[in-house]
Amino acid sequence: MSEESRLLFDVPGPRARRRTWIATVCSLVLLAGALALMVRQFALHSELSASQWSVFAQWPILRFLLTGIEQTLLVTGVAAAIAFPLGAVVALARLSRGRWARWPARLYSELFRAVPLLLLLYVFLFGLPRAGVTFPVFWQLVLPVSLSNAAVVAEIFRAGVLAQDRGQAEAAYSLGMTYGQAMRWVVVPQAVRKLVPALVSQLVRLLKDSTLGYVVSYLELLHKAQVLGEYYHNVLPTYLVAAACYVLVNGLLSRTAGWLEHRQSRPRG
Amino acid sequence: MPRELTATLGGLGHGLLLTLAMTALAFMGAVLLGVLLAVCRISPVPPLRALGTAYVTVFRNVPLLVLLVLFVFGLPDVGLLFSLFLTVTLTMALYWAAFVCEVLRAGIRTVPLGQAEAARALGLTAGQSIRYVILPQALRSMVQPLANVFIGLALSTSLAAAVGVAELTGQAEFATLKYDDPLTGFAATTVVYLLMTLSIGLLAGRIERRVAIRR
């Protein structure tokens, strides 16, 4: 029994078990009905015919999609490589004691967390070129994604540092360390270790943001799916396959994050 | 120039209305469906649990933009053609429902097990203990996470611009392209989004303090 169930329900007796059994049968019938309806709807519009799906059995098509996944991962990786250090710097600036470092950092993270990514992307796509600043397509995608995610990462870092037991910093001060030394040697190393699961979860969001390549015409997985679907006139199957790829990759990342978190919550041996 | 400015701002006003309508409708839908999903995931019926788990796994891991293009350009192929606004709003509701479901479950999990045991020891039935003991405590811890979902949803409505809805972000782009006026459009839009997120955050903090239990 899961934790919520133990909280909400008593251990089932014979009557409750019978009711559960009846509900199981009913829900199975309903689910089967819904599934049948869906299959019928697909079949009626010949979305199940071989011509719609056979392209995915051809190696060149698969390679096309696989390179799309590769590009998606590349965008995610590069954006993470920019966003994580930048977020850490912003977080440290927000936590620092100097007002001139704190306020700009605060402004940055409030502003970039409040602006939707697409708007930021449009600024890079349509706004900045008017001012004579043009980036290559790859950076038109990666820079807004990094800037926006750095603000979120900064908040994650800051929360992690603030959640640290005060005694750690106090012990460092009483050993004669300065603020900087205490941060560098005591607070940050412990906070970062605790933050690893949250940062892996943030990778999921970065990967989701990389789909905006669809808007800037950068050939990552979603944009490739669009090209493929329009070329072979099988839009629905192609998007379904792309969605399945995303669920697979992100599911793996989420699973990893969950696993890391679980490993940390265990007492250290 | 002032004339173009009013045209730009007028367009942005329309966009803002559309954004607000989408946000409100999608959030209501997401909460309704999210409650249903949470009930499914918590219920002792195995197929419903599996359904809830599968739904949450899929919708939390698929990017919203993929869902949007799938529903907007894919569903007409199986004969399901609705207005663009309705499709987009429904998609948002479906996507965010998974997050609402997880918030609800996490909220219930914050209630210590001892509370339920005490309720049972006092002779409350399962229904009574849920109603009088568990939910009142669980709901309080859900305020802030639900506000975060609301903010996320409000910002994510901008993705509708990518599939052709002229909401706030779409209007900002439009103003840039039509009136060659990037600064007004982007600056005004940024301010509006900032005001939206800040006011939601403030409101959530207020509600949280208002309902907090003083111990």
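This is a predicted model: local features need pLDDT of at least 70, side-chain atom pairs count only at pLDDT 80 or more; totals for chains, interfaces and linings use all residues.
Chain B is built from helices. Its secondary structure comes to nine helices and zero strands. Read along the sequence, the pattern is α-α-α-α-α-α-α-α-α. The C-alpha trace of chain B spans about 75 × 45 × 20 Å along its principal axes. Chain B has 215 residues, and 44% of them count as buried. Contacts in chain B were also sorted by sequence separation. Among those between residues at least 6 apart in sequence, 74% join residues at least 24 apart.

Chain A is assigned two domains: domain 1 covers 3-44 and domain 2 covers 50-265. Taken over C-alpha atoms, the centres of domain 1 of chain A and domain 2 of chain A are separated by 38 Å.

The two chains touch. Chain B brings 49 residues to the contact, and chain A brings 50 residues. On the side of chain B that touches chain A, at least two residues come from each of α2 (46-61), α3 (64-74), α4 (84-109), α5 (113-121), α6 (126-141), α8 (168-179) and α9 (182-211). This side of chain B comprises 34 nonpolar, 10 polar and five charged residues.

Taken together, chain B is a chain of nine helices and zero strands.

Note on methods: Residues are numbered from 1 along each chain as its sequence is written. Chains are lettered from A and ligands numbered from 1 in the order in which they are written. Helices (H or I, at least four residues) and strands (E, at least two) are DSSP runs, numbered from the N terminus. A residue is buried if 20 or more other C-beta atoms lie within 10 Å of its own, exposed if 12 or fewer, and partly exposed in between; C-beta atoms are placed from the backbone. Two residues are in contact if their C-beta atoms, placed from the backbone, lie within 7 Å. Domain bounds come from an automatic or database domain assignment. Ala, Val, Leu, Ile, Met, Phe, Trp, Tyr, Cys and Pro count as nonpolar, Asp, Glu, Lys and Arg as charged, and the others, Gly among them, as polar.
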